[in-house]
Amino acid sequence: MPTLHQQIADKFLAKLAASKEIDTGKIEQLRALLADGKKIKADEFVKIFSQLDGGDIK
Amino acid sequence: VIKLESVHIEEVRGIRKLDLDFRKEKFAISGPNGCGKSGVIDAIEFGLTGQMGRLTGRGTKGLSISEHGPHVDKVKFPDAAFVELRIYLTELGRSATITRKVSSPKKPKIVPADADVAAALAEIAEHPEITLSCRDILRFILVEPTKRSEEIQSLLKLEEIGQTRGALNTAQNRLQSAHATTTAQVLSRRNALLLHLQISTLRSEDLLGVVNKRRKLLELAQLPELTTDTELDAGLSTTAKASDFNKESALRDAKALADAEAEFLTLAKSEITAIVADLTRLEGDPSLLAALQRRPFIERGLSLVEGPACPLCDSPWQNADQLRDHLKAKLSKSEEARKLQESLLKNGTAISEKIIRVAGLLAPVLKLAQGQGETEFAQLLTGWKTDLETLRTKLAAVDKIAALKKRLAGSWLEIPTAFSPGLKAFTEKLNAKPDQSATLDAQTFLMTAQIRLSDYRQGMRDNKAADIARISAKAAYDTYCVVQEDELNALYEEVQKDFSTFYRAINEDDESKFTAKFTPLQGSLGLDVNFYERGLFPPAAYHSEGHQDGMGVCLYLALMKRLFGKRFTLSLLDDVVMSVDAGHRYQFCKLLKTQFPDTQFIITTHDRLWAEQMKSAGLVTAKTSIAFHSWTIDTGPLVESDQEIWEEIAGALEKGKVEAAAGALRHHLEYVSRLLADQIGASPQYRADNNYELGEMLPSVLKRIKEIWGKAADAAQSWGKDGEKASAVERKALLTTCNGAVNVEQWAVNKAVHYNAWANFGKKDFEPVVTAFKELLGCFRCDSCDSWIYVTPRASPESLRCACSGINFNLKTKSK
């Protein structure tokens, strides 16, 4: 049975994907971060959101 | 996930050696305080998780499992202290054994040692809340909303959610701030480019006009348009690019800085004045900050005011209006604090933007100073620029702004005293340099223009990226908040519904319309309960303490149901059922049976009557319950089971320990007398202190049972049931015989019941006493199911029965 945290995380990611406000690559990284089970730090989110859309190609 | 089949405990807490057969069923452990019940719970918890809540929770500083987990006589031999649990994995349909030593709690021996068993144990270890003790209950009910929210969040492991939300919020704020910084940097770089090009706008034709003029002079191809990859110095040879020093441009940079210096004293004057005024207010009234933190709590309180009692602390007021005015005054104070915080951050951001501008003016001059070998001046500028960057960081946090008051109230830019003369001298040196040839001027002009254009382009890219990051973070945070709120509201609704259902089930006689309401607010969870349909009030407002305790148990069960669903297979309730008042115990048993048929509750209670009621209600059976009658440091808990009590007494007598045998018999007789008095409705002389002596309880039980057997015989005769009558008469006769046997030893019994002097008897004197009582008590039990007999209904008995109905005598005489 998924924890409430996991349930919220799944719905959060689904809603983000549906809204298309965030690049899919970032959503996948958020998914990995939220599934990790560790305490998430703000810096980890900052790192993901600060990445250029489209990956490492600049 | 799991159920318990059995446990073997050795040298753990107050237990020396104990085996319990749980049979995967609900199980009751009863006995007086201090007899080792909680030790069993500790041992099970330890066996499952390696933890003991009583040694690791709040208020347990100085306690540890390694030092205080073993029996006190085995502290130096913790290897001797261990628990062996036989568990059943409900989903896998198989059993496993866990052996865990106090000396190595994190390294249990698991057989079979496969991943499924380890996963099941890991899940249990994640949920220490399977153990609920009496002291844990009230933390759900009688706490302020913020604390309750914390407790429930902790139980449901919601802190992870709060933590994720907090991290998203922090990320959002940081990226917002980063975006503001890049925006200011773009402006600064734009100004530097304009200054160099000596144009007022960055329109393509203006820029290409001044650039192509220099390119023509250098006989370089004209740039037809300005595209994203246009290089203004394209075509310049590597040799020509050896130096980008452009005297005219350098002088303009130095002049721009010198001109700005005059404005430095008044830079961000209005923002500085405002921020200093705000800080002065905060300094003069520290309660403003505290008021800000209390704001949500007070808002909730204000909405709950319904009478002259404070809904937050129950303090009485003259009237509701006066209380409302008081709360409004507090709210007005916290509103003031909130606005103050907003104002501080807003002005801090504005000042930061000015700092970026100053730093933008310093940067080209610093680069020039470094390029021209003006080390001392370059160091001065570097030091100042670094200081300004640090100041900018501090202006982004309220607590750090508060510490800047002194600086902000003075010459906050803290211009180094050597700056002005240094800049002047540097400008003179620049002026003294020979004028550059038109060609060199054109070359360096183009090179510097390209560098600044690149900086500007990079600044814009950074700003765009920062904007995307800011928008992404905000979208993520907003989405998370919405999802979290929806989920938690749904959760609280579910829990609130189950909580109300459970409480109504227990109190169906007088609170059949009970309802409860959770009010989740930011960081708090209010709870109101219906009081006899007079409205919703906090639990402590009108309900008795017993009812509040009952609410605690119901809320726990509702939360566990939500937390585990069908996986709620095991719960250790340590003396928790005492929270249910006497009038509602059968309903409580029914609740556990009907609502949690697949949950194995291991229930301890110090009330033996409660333990018997659990049996009568069918929650547990004689085989799934155990009673401890006492505890000694040498033996641990002494088990009181019908078979074992006589074996224990016989064993003690065999060793010549009459004192131990006498103590055990007396305990047993006291227990059974009280139990039977309740079960058959005996009437000892009433004592307000409920402190009945064996000498008054036992005779009243014997008198009552004789009456009942007489009634059974009369009833059978009235209905013409000769066989039943004969059986009743026979049982009464047997009772009389056994009672006679006791009476034969009356001299000995009297000493016990009146003077408690058995301990001084010899073995030969005491053995007949034991035999006599064993036979006498046998008259009150069913030979088949071994349960004690009881009358029903209790108020006006109509039949005498045992648990299996092997004994079932009608007591109602046929009406004539």
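Helices (H or I, at least four residues) and strands (E, at least two) are DSSP runs, numbered from the N terminus. This is a predicted model in which local features need pLDDT of at least 70, side-chain atom pairs count only at pLDDT 80 or more, and totals for chains, interfaces and linings use all residues. Residues are numbered from 1 along each chain as its sequence is written, chains are lettered from A and ligands numbered from 1 in the order in which they are written, and side-chain values use heavy atoms, with hydrogens and water left out.

1. Thr230(B) lies in the loop between α8 (204–217) and α9 (247–264) of chain B. Thr230(B) is buried, its relative accessible area being 7% (buried means under 20%, exposed over 50%, partly exposed in between, with a 1.4 Å probe and protein chains only). The side chain of Thr230(B) reaches the backbone nitrogen of Thr227(B) at 2.6 Å. Neighbours within four places in sequence aside, Thr230(B) is in contact (heavy atoms within 4.5 Å) with Leu223(B), Glu225(B), Gln450(B), Leu453(B) and Arg457(B).

2. Ser352(B) belongs to helix α12 (residues 320–371) of chain B. This serine, Ser352(B), is likewise buried, with a relative accessible area of 11%. Not counting residues up to four places away in sequence, Ser352(B) touches Arg392(B) and Leu395(B).

3. Helix α23 (residues 658–680) of chain B packs with α24(B) at an angle of about 45°, the axes being 9 Å apart. Axes here are lines fitted to C-alpha atoms, for helices over the stretch in contact, and angles run from 0 to 180 degrees between N-to-C directions. The two helices α23(B) and α24(B) are therefore oblique to each other (under 35 degrees counts as roughly parallel, over 145 as roughly antiparallel, 65 to 115 as roughly perpendicular and the rest as oblique). Among the residues that meet are Leu669(B), Leu676(B) and Ile680(B) in α23(B), and Leu694(B), Val701(B) and Ile705(B) in α24(B).

4. In chain B, an open antiparallel sheet is formed by three strands in the order β15-β16-β17 (two strands pair if DSSP finds at least two bridges between them). Strands β15 (790–792) and β17 (808–810) of chain B stand at the edges with a single partner strand each, so one side of each is left without a neighbour in the sheet. Neighbouring strands of this sheet are turned by 25° against each other on average, direction ignored.

5. Strand β16 (residues 799–801) of chain B pairs with β17(B) over three bridges in the antiparallel sense. Arg801(B) stands opposite Asn808(B) in β17(B). Helix α24 (residues 694–718) of chain B packs on this sheet and touches β15, β16 and β17 of chain B; the direction of α24 makes about 70° with that of β17(B).

Conventions
A polar contact is a pair of N or O atoms within 3.5 Å; within protein, one must be able to donate a hydrogen and the other to accept it, and residues adjacent in sequence count only if both atoms are side-chain atoms.
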